[in-house]
There are 2 protein chains.
Amino acid sequence: MAERSLIFPAQEYRARIVRLQAGMAEQGLDALLLTSPADIYYTTGFLTRFWESPARPWFVVVPHAGDPVAVIPSIGADLMGRSWVRDIRTWDAPDPRDDGVSLLTDTLAQAVAPNGRIGLPMGLETHLRMPLQDFEAVRMRLAPRRFVDATACVQRVREVKSEAEIAKIRATCTIAARAFARVPEFAQAGRPLAEVFRDFQIALLSEGADWVSYVAGGAGRDGYGDVISPAGPGPLQCGDILMLDTGAVKDGYFCDFDRNFAIGPASDTARRAHAALWHATEETLAALRPGMLARDMHRLLSDGLRKHGVTPGDGRLGHGLGITLTEWPSFTPLDDTPLRAGMVLTLEPSCVTSEGQIMVHEENIVLRADGPELLSPRAPEELPEIRT
Amino acid sequence: MAERSLIFPAQEYRARIVRLQAGMAEQGLDALLLTSPADIYYTTGFLTRFWESPARPWFVVVPHAGDPVAVIPSIGADLMGRSWVRDIRTWDAPDPRDDGVSLLTDTLAQAVAPNGRIGLPMGLETHLRMPLQDFEAVRMRLAPRRFVDATACVQRVREVKSEAEIAKIRATCTIAARAFARVPEFAQAGRPLAEVFRDFQIALLSEGADWVSYVAGGAGRDGYGDVISPAGPGPLQCGDILMLDTGAVKDGYFCDFDRNFAIGPASDTARRAHAALWHATEETLAALRPGMLARDMHRLLSDGLRKHGVTPGDGRLGHGLGITLTEWPSFTPLDDTPLRAGMVLTLEPSCVTSEGQIMVHEENIVLRADGPELLSPRAPEELPEIRT
C-alpha cells in the first residue's frame, strides 16, 4: 500500500516543531531527543502498532532549528518515508553489537556543539524507551555535551491541542458514545463479564475505532473494587452496577471515558452515588476556566462530591488526554499545572459506596477561553437501567 | 468483581521465582528490580491493560531468597491483592514530590546490604519503565549498592516456557487461526483495507481473544511495502496479495503469525514467492533442533529461500514469543543465543518480490527435544485465493 501515513498536513507537524523549538530556546536546549511512541508520533506522524514489539528502539532528534531527524530501524523506513520527515537514518535492528548507538551519537554530535545541551524527557510520566546501557553509552560518547530534563518543554507544547487534534479526539469520543449506546444489547444479567468486555470492543470497532487500546471496568452491587482490572469469568447479576471504561483509538487519538449501567433495578446507594458523581461533574464544568490549576479541579470535584453526600475516592480525579490514554496534568491536591485553553482533559470523579467498593464517572472536555466544551456526549443524569 | 486475577496456580509463579533466584545466585545478585509490564506479569500474575497509561511507575523486587515484593501505586492494590504476592507496598501516585522513589529505595535497602548488587534489565530489548530522573535518585540514595545488568538473567528464565505457558500460547494461536479462516468472509475486492483490519479484529475477539494488541498487514500486486503499517483507506483490488499479521492476546499470552491471501488470481511472482516461503519454512522445521543457535535459523531460512529461487528480505527472520508480541532471540546472522527445548519461537521468512515489495510468512512453534511442534496450524502450501 502506498497510502500516505500522515494523519495531518505537514503544516501541522511543522507548527509543532516550531513550538517545541521556542520552548527549547527558552531553556537553552540545542536539541531534543525523543524515544517514546507518543513523542515520535507527535513530531513525525509516524503511527504504527509495531511499538507493541519491545525489540527495537526508535529515535527522533529535534534540532534547535530546522526539521527533525528520524534515526530508526530499517524496518520502519518505508512507513517513515511516507511522513513529512525527509532526513531518515536507518540501521538494521536488532543489532547486538550496536543497536543504533553509533548512528544516534553521530546524529546528536552533528546537531549539538561539544559544550551544548540535549533535552530528554526524564520527569514524571516519562520513560526512556531504549536500553539503559545504550543510553549510558550515548551519554558517555557525547560528553562534554550534557543531557538535561526536557519534560516541561515537551509537556507545555503537547498539552495544548490544535483544532485539528481536538477534532480527532471528538471523533473518537463520538465513536465510543455510539458503542456505549449499544451496551444494553449485550450486557444482560447472566452474561459473563468477559463476554461483555469482548462485545464492547467489537462495538467500538464496528462503530469506527481503528483499534481498542484500553477497556476496563467492573460490576457489583454497589459498585466495583477498582477501575483497572480485566474482566473475570463471572456473570452479571441482577442488581449489579456495570461500569465500562474505554480508551479507543482513531487516527492515533484516544478517548477516555466511562459509563455506568444498572443491571435491573439499582440499589439506593448506587443511584445516590451516580447522582452525586453527575452533579459534582456538572458543577465543576460550570466553574472550570483557564487560569485555574490542576489541583483546583481536585478541590472542586471533591467538595462537590461531599456536598452531594458521598466520600470522594482516593487518587486523581481526572487528567490530560490525547495521543496516550492519559496525559498530564493530574487532578490531585499536588499538581499545580495551570489549565490553559486548548487543553483536552478528563473529569473523573470517584466516590466510595461501601467497604472496598467505588463508583466512577468520566467525561472528556476541551478547555476553551470561556470554559469547557464537552467532547464526550454528556452522560445521563439518572443511572440508566438495563431491564432484565 | 472479586474474581481472582491469577492466570496460573501460585506454584507456577513460585517456580519462576526459584529459577530467577538460581540465575541471580550465579551472577551474584542480591535482588532484582523489575519495571516492565511483562516482567511484572511474569513474576506476579498482575495482568491489566492499565499499562496503557504512562502516568505511574510500578515495581517488583525479587530478593535473593523468598517471595517478591510489589511496590506499586495504590490504584493497583486491589488487583495485586488478588495475586499470589503477599508483600504489597503502595503509594498514592502520581505524586510529583516523590513518585514511589522513597518507597522503592527503602524496599531495596532492606533487601540488599550496602555492598550488594541489584540486577536490572538494561540490555537489548529492555526499557526502564520509570522516569530516568527518579531512577538516578534511587541509584544515588542506594549507593554504595550497585545496579548491574540482569538482562540475561531474566531472559534465560523467561525464554523457556512451562507447559502451562505453552498451552496458553497454543490457545491464542488457535483463536487466531479461526479468525484467519474467516478472512474470506470480509476481504473481497473493493473493500477498504482499513475495514478489513477492523473486521479481522472483530473476528479475533469473536473467536475468543481477550484483546487485540497488534494487527498489521498490507496489500499489493506482488506483495506489500512493509509489515508494520496501519491500514490505509484504499480498497483491495483484484490481483492483490493481502497479508494480515496479528498479535492477539488471551490470558496475557500472545500469538504472532500472519497469513497471505490472493484477492482473485495471483500473479506468478506472488505464487512462486509464497511457495518458496512455505518450503523454506517446511525444511527449516525439519532441521531445527535444540542446541542450534538463533543465527543458524537465519542461515537455514535464507539458504532455503535462495534454493527456492527468491531473495531473502532484510531484517530478522523470526524471534521469540510469549507475554510480549516479540521476545528475544532474533533470527539474524548476529544472534548466537542457543535454542533450547521449551522455547516458543516464530519462523518469519520474508522475500523480495519486486522493487520495494516483499512477502512474508510466519508460523509459531515450541521447540521440543526432538524438534519443533507447531502452535499455529500450518499455513496451506498453496496461496489461498479469495474469489472475486
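Figure 1. The model shown here and in the following views is predicted. Helix H11(A) comprises 14 residues, 294-307. From its first C-alpha to its last, H11(A) reaches 20 Å, close to the 20 Å expected at 1.5 Å a residue. Its buried residues are Ala294(A), Asp296(A), Met297(A), His298(A), Leu300(A), Leu301(A), Ser302(A), Gly304(A) and Leu305(A). The cover over these buried residues includes helix H10 (268-287) of chain A. Strands of chain A also contribute to that cover, among them S11 (311-312), S12 (318-320) and S13 (327-330). Strands S14 (344-347) and S15 (350-354) of chain A are likewise included.

**Figure 2. The buried and exposed faces of helix H5 in chain A.** Helix H5(A) spans residues 132-142, and within this helix Leu132(A), Asp134(A), Phe135(A) and Val138(A) are buried. These residues lie on the same side of H5(A), because they cover an arc of only 160 degrees around the axis. The exposed residues Glu136(A) and Met140(A) are carried on the face turned away from the buried side of H5(A). Helix H4 (101-111) of chain A is included in what covers the buried residues of H5(A).

**Figure 3. The contact between chain A and chain B.** In chain A, 73 residues are in contact with 73 residues of chain B. Four elements of chain A give two or more residues to the side that touches chain B: helix H3 (77-81), H5, helix H9 (193-206) and strand S7 (211-220). Of these, S7(A) supplies the largest share of that side, namely nine residues.

**Figure 4. The symmetry relation between the two chains.** Chain A is superposed on chain B by a rotation of 180 degrees with 0.0 Å of shift along its axis, giving an RMSD of 0.0 Å. This is the relation of a two-fold axis. The C-alpha of chain A nearest the axis belongs to Ile202(A), at 2.7 Å from it. Both copies use the same surface, as 100% of the contact residues of chain A recur in chain B.

**Figure 5. The open five-stranded sheet of chain B.** The strands of this open sheet follow the order S13-S12-S14-S17-S18 in chain B, with antiparallel pairing. Strand S13 (327-330) and strand S18 (371-374) of chain B stand at the edges; each has a single partner strand, so one side of each is left without a neighbour in the sheet. From one strand to the next, the twist averages 35 degrees.

**Figure 6. The hairpin formed by S12 and S13 of chain B.** A hairpin of six residues joins S12(B) to S13(B). Strand S12(B), residues 318-320, runs antiparallel to S13(B), and two bridges join them. At one position, His319(B) stands opposite Ser330(B) of S13(B). Gly320(B) has Glu327(B) in S13(B) as its bridge partner.

**Figure 7. The surroundings of Ala194 in chain B.** Ala194(B) belongs to helix H9 of chain B, residues 193-206. With 17 other C-beta atoms within 10 Å, Ala194(B) is partly exposed. Leaving aside residues up to four places away in sequence, Ala194(B) touches Ala231(B), Gly232(B) and Pro233(B). Asp210(B) is 16 residues from Ala194(B) along the chain, and 21 Å separates the C-alpha atoms of the two residues.

Definitions and conventions. Residues numbered from 1 in each chain as written. Chains lettered and ligands numbered in written order. Predicted model: local features only at pLDDT ≥ 70, side-chain atom pairs only at ≥ 80, totals over all residues. Pairing = 2+ DSSP bridges. Axes fitted to C-alpha atoms, helices over the stretch in contact; angles between N-to-C directions. Buried ≥ 20, exposed ≤ 12 C-beta atoms within 10 Å, placed from the backbone. Arc of directions from axis to C-beta. Contact = placed C-beta atoms within 7 Å. Least-squares fit on C-alpha atoms with pLDDT ≥ 70 in both. Expected span 1.5 Å × (residues − 1).
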